[in-house]
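Biologist: I would like to learn how to read helix packing and chain contacts in a model. Could you walk me through one?

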2 protein chains.
Amino acid sequence: MRSARLPRVTLAEQVRDFLVLEIAQGRIPPGTPLRELEIAEQLGTSQTPVREAFRALAALGLLESRIHVGTRVREVAEQDLVDAVPVRSALEGVAGRLAAPRMKGEGQELRAAFDAMLHVAASGDRLAYADASTQFHRSIVQAARNESLLRAWNALGIEVMTIMTMASTDVPLEVAAESHREVLEALESGDPEQAEQLLAHHVAEYLPGRLQVERHADDGRTEPATA
Amino acid sequence: MRSARLPRVTLAEQVRDFLVLEIAQGRIPPGTPLRELEIAEQLGTSQTPVREAFRALAALGLLESRIHVGTRVREVAEQDLVDAVPVRSALEGVAGRLAAPRMKGEGQELRAAFDAMLHVAASGDRLAYADASTQFHRSIVQAARNESLLRAWNALGIEVMTIMTMASTDVPLEVAAESHREVLEALESGDPEQAEQLLAHHVAEYLPGRLQVERHADDGRTEPATA
DNA sequence: ATTCTATGCATTATCGATAATGCTTGCTAC
DNA sequence: GTAGCAAGCATTATCGATAATGCATAGAAT
């Protein structure tokens, strides 16, 4: 969002990002209890920034805290990937609808994000690809110029989910990246209907194989997912 | 959510709720700068819980913070009411779709929430009505049993919005309450399609008169709103 | 054996104080 | 008069220490 702009300074944010990566990449497995003071010591900070990071991650559903008892990494992170599908689909559909008219003609930022995604896909770095993909989708949501929408979307924690998904699927990056092209074009053409449709569908496109199976029991209208 | 169950203990939560009411009811007008230490002194706590409350409210979009500079009440709370309409509509539509099959037959909790709403509407207490209405809608979102959905919905800060809406509209409470009946019935009947439709539409039903005007410039598919 | 109760312990929640930051104002140089 | 710089100030960000809480365990009573 402001990634390169401001140096992302606070310790709390650094701690948060550290934990996100540790958890998303499986170095801290689900169920692990996290103690504020322990993490603080480990990172050389005081309890305060760690506590703040815990709160932020709990809001994303990555941790769960019980007051006066403790915090641990949530077990169900995988179910979340599945749950998120219809929600993301709905939200990004709205985003497409609202963003399309504003994009007509000037999708510079979005196209830049798309190009970055293609570029990074060629490099084979799945983590970097996750970043690029997240940035692409966030650009769309931001283009809708709707604070509520952005907030709801952020609450889903797409960054983390995308990282986790990329880590557990083996879809070739080029294919994944290429699948964004029609979305980009629909937005650039400025057609709200088509943008909504394509985005809602696209978001439901890839899901790690293992998860695809469980999916069908559940929703019934949207299809598979990643992005 | 757990309102009566656990006593909602932490100071941070109390501070948060205090601020929500002050802001929602206009006793702290938009634009007001809030200083952590000042609020702390005013409430007889230390800076820490206040800081935590600030963060939570910033996440809801009620405050905006700039690092090392300060925090103030967001100006645009009113625009948010408008922005939230298509987002809420989409989210609650999904909620209805997912919740309906689970509710078939046993909508006890939801019906209880509905009855509470009717009851409180008769009393004329608009603040209490806002609570009841929020509880009704939250029940539906919870019934969908989808963590991501609940998180996204919570991120919208419906409680606050409903309080603010009720404060600035003059729709008779009985009418507002009654309008939930068909939603309830659709859910009890267990039909996902109909529940989705009705909810998405219902959510877009009431908006304070002053705001209705601005609305039409903006979205184009969903209609007016409160709930 | 089972339930109740008291006590200790692990952990968070809160506190008061200090460090760090960014804004602003006033000065200086041109 | 204006641009650049420096010092002071308001405010947050962080720290280290203490208070409060809930859980678990062990013992007593039945």
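Predicted model: local features only at pLDDT ≥ 70, side-chain atom pairs only at ≥ 80, totals over all residues.

Biologist: Which residues of α6(A) and α8(A) meet?

Modeller: From α6(A) come A:R126, A:L127, A:Y129, A:A130, A:S133, A:T134 and A:R138, and they meet A:I158, A:E159, A:T162, A:I163 and A:M166 of α8(A). By class, the contact of α6(A) with α8(A) has six nonpolar, three polar and three charged residues.

Biologist: Now chain B, please. At what angle do α1 and α8 of chain B pack?

Modeller: Helix α1 (residues 11–24) of chain B and helix α8 (residues 158–168) of chain B pack at about 30°, with 9 Å between their axes. Angles under 35 degrees count as roughly parallel, so α1(B) is roughly parallel to α8(B). The crossing of α1(B) over α8(B) is right-handed. In this pair, B:V20, B:L21 and B:A24 of α1(B) touch B:V160, B:I163 and B:M164 of α8(B). The contact of α1(B) with α8(B) consists of six nonpolar residues, with no polar and no charged ones.

Biologist: How should I read α5(B) and α10(B), parallel or antiparallel?

Modeller: Start with the angle. The axes of helix α5 (residues 108–123) of chain B and helix α10 (residues 181–189) of chain B cross at roughly 170° and come within 11 Å. That makes α5(B) roughly antiparallel to α10(B). α5(B) brings B:L110, B:R111, B:F114 and B:L118 to the contact, while α10(B) brings B:R181, B:L184, B:L187 and B:E188. Five of the residues in the contact of α5(B) with α10(B) are nonpolar, none are polar and three are charged.

Biologist: And how much area is buried between chain A and chain B?

Modeller: An interface's size is often given as the accessible area lost when the parts come together. Between chain A and chain B, about 2800 Å² is buried, and carbon and sulfur atoms give 54% of that. The contact draws 36 residues from chain A and 36 residues from chain B.

Biologist: How many salt bridges does the rule find across that interface?

Modeller: Side chains of opposite charge can pair when their charged atoms come close. Across the interface of chain A and chain B there are six salt bridges. B:R55 and A:E52 join their side chains in a salt bridge, at 2.1 Å from N to O.

Biologist: What is the total over all chains?

Modeller: The structure holds 30 salt bridges over all chains. One of chain A's pairs is A:E36 with A:R51, at 3.3 Å from N to O. This pair links distant parts of the chain, 15 residues apart: A:E36 lies in helix α2 (residues 36–43) of chain A and A:R51 in helix α3 (residues 47–59) of chain A.

How values were computed
Residues numbered from 1 in each chain as written. Chains lettered and ligands numbered in written order. Heavy atoms only, no water. Axes fitted to C-alpha atoms, helices over the stretch in contact; angles between N-to-C directions. Helix = DSSP H or I, 4+ residues; strand = E, 2+ residues; numbered from the N terminus. Parallel < 35°, antiparallel > 145°, perpendicular 65-115°, else oblique. Left-handed = near helix turned anticlockwise from the far one by under 90°. Contact = heavy atoms within 4.5 Å. Nonpolar A, V, L, I, M, F, W, Y, C, P; charged D, E, K, R; others polar. Buried area = accessible area lost by both parts, 1.4 Å probe. Salt bridge = Lys/Arg side-chain N within 4 Å of Asp/Glu carboxyl O.
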